[in-house]
Amino acid sequence: MSNAPFKVASGLAQVVRRATEGYAVPSPTLEVAPVRASGSRRRRLWEIPHRLHCPVVGVCFDCDELRALMKKVMHFPPETSDYVLHTTAVGNCEQRGQLAELLQRTLEQRFRLTLKSLSAVKDADALRKAWDKACSEGKNVPAMLWACWTHPALDTELEQEIFGDIHMLQHQLGSGTRADLDAMRRLNGENVALRQQLASAQAAVEEIRTDKAAAVFATERTLAETRSELAAATASGERLARELQELHESLPDLRHAQALLRRISLLEVQADAARQKNALLERELVRMRDLARDAEGAFEALSRDAAELQASQDELPERDLAGKRVLCVGGRSGSLRSYRDVVEQSGGEFLHHDGGLEESAHRIDSVVAAADIVICQAGCISHNAYWRVKEHCKRTGKRCVFVKSAGVASFDRAVGEVSEIVQIVEIVRREA
């Protein structure tokens, strides 16, 4: 079975020849006789010369829009190229039919304001001025092209002038596209440089983590020394208190007893300062231990998820998401790289939204709309984000899988289930 739509598979060469004939500019020695306008009715798409259909279709419709319009009135394989669709549309404009009428209605509706502005024009000179103004400003060229070529005041000379102008504009558009490709290559080079900067930043973060661990060790050592000093000061204070008591009982020398009292007061102040320093160091030690415990817990969770993921991947069959966009809502920030690897190794494209923790919950609708499949980690998102995702998927009929755990293994199992469904759907579609 051919992959070309009807009227193309058997006569594509003829359609292309007819759609491109007349592109050459007439010889300067050939006089073009103007065509008199008959009445005030504008021409329809199938009533204009067939050589004008190719510029009209190419300038007034982009490829995706043309593909969507043609699906409404004809059937063709999804892999049909843009060129085949373009030549098919041009061939169908030669005479009145379903596709020609659909394109006619679309052009009339889209350019209704421009058509209305030219309704008062009665001669070809005024029409030429309107066309020249649109070309010089670079605005509204598709609308003016359609309005001029279907206008009752159009003559053959102006028709040929517009044909030559639009031909050169398409060449200039191709030059602009090449400039865009050069800019893209420059951006790719900048992307490589930014990735190198990211690697350097990650190395700096690792160095900071090592320094923090060394600081915790130094704090514990300082705390031990402070405790020893406090114990010595406490013992000294108790000894001095006993001596003071003995002095009070014997009172051999009053001045000596007063000096001892002043010394005890000073030692008490020093002991109080040592206790405050000790309390401060103990709180810092507790905080450092909590940070270390959290880091160890995160490392153990990632290691456990990696082991479970490897085990689950060894058991599951080969997956193929067929290029579907898989949106992960929620999850642990430290596991995002693992989530992405699971989706991309399964042949899909990974999207993510944190479920309203840091990103705006209002952005969820647009992200869900861009995805083909949604995996919602219900235990790691806000209630508002949960209901937004559920309501959007229910309204649009989009497939959504809810998982309770934020582990990589749970996410991997969900991707496996989705992959099996996608493969079944692809098999059914091919058999149909």
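Analyst: A crossing is left-handed if the near helix is turned anticlockwise from the far one by less than a right angle, and right-handed if clockwise. The model is predicted: local features need pLDDT of at least 70 and side-chain atom pairs pLDDT 80 or more, while totals for chains, interfaces and linings use all residues. Residues are numbered from 1 along each chain as its sequence is written, and side-chain values use heavy atoms, without hydrogens and water.

User: How many helices and strands does the protein chain have?
Analyst: There are 14 helices and four strands in the protein chain; these are DSSP runs numbered from the N terminus, helices being H or I of at least four residues and strands E of at least two.

User: Which way does the crossing of H3 and H5 go, left-handed or right-handed?
Analyst: H3 and H5 cross in a right-handed sense. The axes of H3 (residues 63–71) and H5 (residues 98–110) come within 10 Å, at roughly 130 degrees; axes are lines fitted to C-alpha atoms, for helices over the stretch in contact, and angles run from 0 to 180 degrees between N-to-C directions. H3 is therefore oblique to H5 (under 35 degrees is roughly parallel, over 145 roughly antiparallel, 65 to 115 roughly perpendicular, the rest oblique).

User: Which residues make that contact of H3 and H5?
Analyst: H3 contributes Glu65, Leu66, Leu69 and Met70, and H5 contributes Leu99, Leu102, Leu103, Thr106 and Arg110, where contact means heavy atoms within 4.5 Å. They divide into six nonpolar, one polar and two charged (nonpolar: Ala, Val, Leu, Ile, Met, Phe, Trp, Tyr, Cys and Pro; charged: Asp, Glu, Lys and Arg; polar: the others, Gly among them).

User: And Gln104, where is it found?
Analyst: Gln104 is in helix H5. With 7% relative accessibility, Gln104 counts as buried (buried is under 20% relative accessible area, exposed over 50%, partly exposed in between, with a 1.4 Å probe and protein chains only). Leaving aside residues up to four places away in sequence, Gln104 touches Arg44, Leu45, Trp46 and Trp146.

User: Changing topic: at what angle do H7 and H8 pack?
Analyst: The angle between H7 (residues 124–137) and H8 (residues 141–149) is about 160 degrees, with their axes 9 Å apart. That makes H7 roughly antiparallel to H8, and their crossing is left-handed.

User: What lies in the loop between H7 and H8?
Analyst: Asn140 lies in that loop. Although not a glycine, Asn140 has a positive phi of about 60 degrees, whereas most residues other than glycine have a negative phi. The relative accessible area of Asn140 is 43%, so Asn140 is partly exposed.

User: Why is H2 described as largely enclosed?
Analyst: Because six of the eight residues of H2 (residues 53–60) are buried. They are His53, Cys54, Pro55, Val56, Val57 and Cys60. Across the 432 residues of the protein chain, 34% are buried.
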